[in-house]
Amino acid sequence: MDIDEPTPTVYTLPIPQLPGPPPPAEPYALHRDAHTPLVLDNGSTTLRWGFATSAVPFTGLNAVAKYKERRTNKPLLLFGEAIDAESGAKSQTRTPWEGDVLLNFDALENALDYAFVHLGIDTPTVNHPVIMSERICTPLHSRALTSELMFELYNVPSLTYCVDGIMSFYANHLPPPTAPFTSDGLVLSFNTHSTSVIPILKGKGIMSHVQRIPWGAAQSSEYLLKLIQLKYPSFPTRVTSAQTNWMYRTFCSFTPSYPTLLKSLSNPKTLLAHERIIQFPFLLPLSEEKSPSELLRLAEKRKEQGKKLQELAAKSRADKLVQKEADLEYLLDLRGESELTGKMSRKEWAARLSAEGFETEAALEDTIKKLDVYVKKARKKEAGEVDEPMEEPSFPLVDVPDEDLDEEGLKEKKKQKLLKSGWEFRVRARKEKEREREEREREAKREEEERETDLAGWSSKMRKEQETLMAKIKDRARRKTALTDRKSAAAQARMKNIANLAADDRVPKKKRKGGGEDMFGADDADWQIYRKINITAPSDDEEDDLTTLHEIERKLLTYDPTFTPSHTHASLTSLSSALLTSFRPPYPDTDPAGHARIHLSTERFRVPETYFAPSMAGTDTAGLGEVIANVLARFPEHEKASLVSNIFLTGAPSQVGGLREKLEATLRPILDPEMRMGIVQAADAGLDAWRGMAAYARTPEFGVNGVSRAEYDEWGGERVKRWWGGNRTGSS
Amino acid sequence: MATMKVLAMPPKGSTKKKPGPSDGAATPQGPSLAEQLSYLHYPRPFKNPYYNKNVNRRAKNLKAVLGQERERDRVKREALRNSKAERAAQGVDGMDVEEEEEEPNYSSIEAPPSVLPQRHYCDITGLEAPYTDPATGLRYHDKSVYALIQSLSPGIVKDYLSARGVNSIVK
């Protein structure tokens, strides 16, 4: 790695903040009798509410949690970000929106309660005309229940439904106060669970030509989370969806030409240049550090223990020695006794011996001799003298012919023969070892000479040996993998061998006719076949090869300056490509910080690309480019031109970088080269829908398009009036 | 004596807008943050106390809602077709009558499946993938990625495939 390369910046996660009380609303007295329109932008992620006279709405996450606090057993009702205050409440979160559709009306009721309480409404009914957003082509069930909620529970005087994308478009193309709204444009509304394409001509949304892709910010961040989990299967901490959302918003971006980018990213250096590193919190392992004095103390304790053991051993040895000396004396006395008494009868002597536990006199002599040797040795050791080499013991009886000896003598002779052969064998073995040692020394000396005279030649010889060994090991590995594949030649040969061995008739028919018999086993080498077919047993050759290889490498490493550790067999086999190391840089085991890092390189571009190709992530729908082409295809040329000249991007997910360039690059080829294409982003992608609704609420035509209480009572909750900003479903 | 007919809950006067501690006097220990943020005990005078939600109503799930929509659409389409058939039978000039276009509904505006040729991307790295592993079905970029794929366990292979949307249950 070059030293000039700048160390990459490591980003840390944003610290989660404890939720605080929401900003206060203006005093309700201003609005109590003013019938100010109440603007509610009911979004899948956030709920935005406020009076039409305000410039900015109040926002809160559109989620409600009913939780019973365990300690005090008090029930709590939390809304929006406040749910983070209580960790147990997170599992009880309910959102009104389930994906794309408004289904949970208890949650909606609680959310609206919060909004109204926050605004300070204290009248018996919500006495303001309400304009509320709904999703494009919403199912009528959702609308029916929302209407029921608003009219029956809150008793609003009138309710207007609108589509948030169109309202955002309106906010950015506000007509002068008295003129009607007549802009043209193609609205791309990026929502949490879907993305919609809405053509608007002469200020009216052409609802019949709308198309929706079921891919939005939620699916994108879920895909990013899946990719991260696949890349880091053993990540120490859990990555939450909130963190994934942050990562998606901060690091991901669109790229105008995805295939070109991918080609450039296949170069590991470019991949590294594009990566972003995010550091997650990690735990430092507890290291038990002992101060030097502690270490000294421990060492001393260990030494003392060792000394004590040594003393114990010496004492036991001394005791044994004393005991043996005593025995020796006793036996000597015994022998002396027999000599002294001289004429003790045989039988008595034999009886005396057997009483002591000796069969014959010779046995007694043996024991005495052994004890004598032992005592002498021990005394010598105590005195600190070096062990003398043993003299060659004599075996006198071996040469005496058998007839001359009696029974006892024969036994003695056998024993001496055994001892002699053992002794000779040991002598021979010692000589062999010496010879081998001399050989090895001679070899080493020869090699050293060779090395010193001709380093290059020696090293090339060594390297060749290393290569041959490595080739052998690789061959063996390949043969092993070939055996696992059932259809390979090696595996089939093995099966043939097994079948032959197990066959009832091992001799082929021809040979049998000629009187042949199964000669398996006559030759010792035949049994090798059992080693061959047993693939699970480790073969000794492998280990030998490996040890020789290590030896050679060691010598090369010490003496050859050009042979580096990267040339060794170990590093060559574990070499993972530069591409994979730059894709997922490995960290040593001792680095807990490194293990808690996430590197995003290709994911930064792969995830936003799914908007244009949802099939990359498994959703079988057309991408954004294709859908826009489909929508535009249904319009005649002049209308197409007016739509394309004003492509409008709205919705919070549209703020991801690079979207406009990507759209230009995608749409330019499919449009007429003379057609002018203009892509505009909403001034405030998140809040413009609310602003548009508030602006509309302030116009004089506001009350006309809504459903009044009387109309609701007559028509029911599903029917609405058809107008330029509203849905067409259920409208008349 | 004027009898006051209480039609609805009387206004409770201006309530505090800023959430304060719910019961600071009772316990010596202050209420937790969650208690402070909870609005369960706030008065909600704007709610109609006589409204009884249909307690037997169970929240419908998405499938049921969409099914209902489809049914309704189908019925309407049939009615339309019948009326057109009637009009044709009666010999009325039906060409002038503006055909009521099929109303878009939630399911109909969904985008159709893609007709563009799909590009293959590497399941592991995200780069282009000219190759596919026949044993597992994963797409890979080059031979080092292939070496990695060979060392993966079947569980992880299944996870990679499901990220792409290939859910093979048999293997």
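**Exercise 1.** State how many cavities of 30 Å³ or more the count gives, and describe the lining of the largest cavity.

*Solution.* In this predicted model, the count comes to five cavities of 30 Å³ or more. The largest cavity has a volume of about 70 Å³. Its lining includes Asn42(A), Trp97(A), Leu102(A), Met132(A), Arg143(A) and Tyr161(A). Next, assign the lining to elements: strand 10 (130-134) and helix 2 (140-153) of chain A each supply at least two residues. Finally, sort the lining of the largest cavity by class: four residues are nonpolar, five polar and three charged.

**Exercise 2.** Classify the packing of helix 12 and helix 16 of chain A as roughly parallel or roughly antiparallel.

*Solution.* Helix 12 (residues 455-484) and helix 16 (residues 540-559) of chain A pack at an angle of about 150°, and their axes are 10 Å apart. Angles over 145 degrees count as roughly antiparallel, so helix 12 and helix 16 of chain A are roughly antiparallel to each other. The crossing of these two helices is left-handed. Residues of the contact between helix 12 and helix 16 of chain A comprise eleven nonpolar, three polar and ten charged.

**Exercise 3.** Determine how helix 3 and helix 24 of chain A are oriented to each other, and which residues make the contact.

*Solution.* Helix 3 (residues 164-172) and helix 24 (residues 688-698) of chain A pack at an angle of about 75°, with axes 7 Å apart. The range for roughly perpendicular is 65 to 115 degrees, and therefore helix 3 and helix 24 of chain A are roughly perpendicular to each other. Helix 3 of chain A contributes residues including Met167(A), Tyr170(A) and Ala171(A), while helix 24 of chain A contributes, among them, Arg691(A), Gly692(A) and Tyr696(A). By class, this contact has seven nonpolar, three polar and three charged residues.

Technical notes
Residues are numbered from 1 along each chain as its sequence is written. Chains are lettered from A and ligands numbered from 1 in the order in which they are written. This is a predicted model: local features need pLDDT of at least 70, side-chain atom pairs count only at pLDDT 80 or more; totals for chains, interfaces and linings use all residues. Side-chain values use heavy atoms; hydrogens and water are left out. Axes are lines fitted to C-alpha atoms, for helices over the stretch in contact, and angles run from 0 to 180 degrees between N-to-C directions. Helices (H or I, at least four residues) and strands (E, at least two) are DSSP runs, numbered from the N terminus. Angles under 35 degrees count as roughly parallel, over 145 as roughly antiparallel, 65 to 115 as roughly perpendicular and the rest as oblique. A crossing is left-handed if the near helix is turned anticlockwise from the far one by less than a right angle, and right-handed if clockwise. Ala, Val, Leu, Ile, Met, Phe, Trp, Tyr, Cys and Pro count as nonpolar, Asp, Glu, Lys and Arg as charged, and the others, Gly among them, as polar. On a 1 Å grid over the protein atoms alone, a cavity is a set of points where a 1.4 Å probe fits but cannot get out, and a pocket is an open set with protein on both sides within 12 Å along at least five of seven lines; lining residues have an atom within 4 Å of a point. Grid points are joined across faces, edges and corners, and a volume is the space filled by probe spheres set on the points. Contact means heavy atoms within 4.5 Å.
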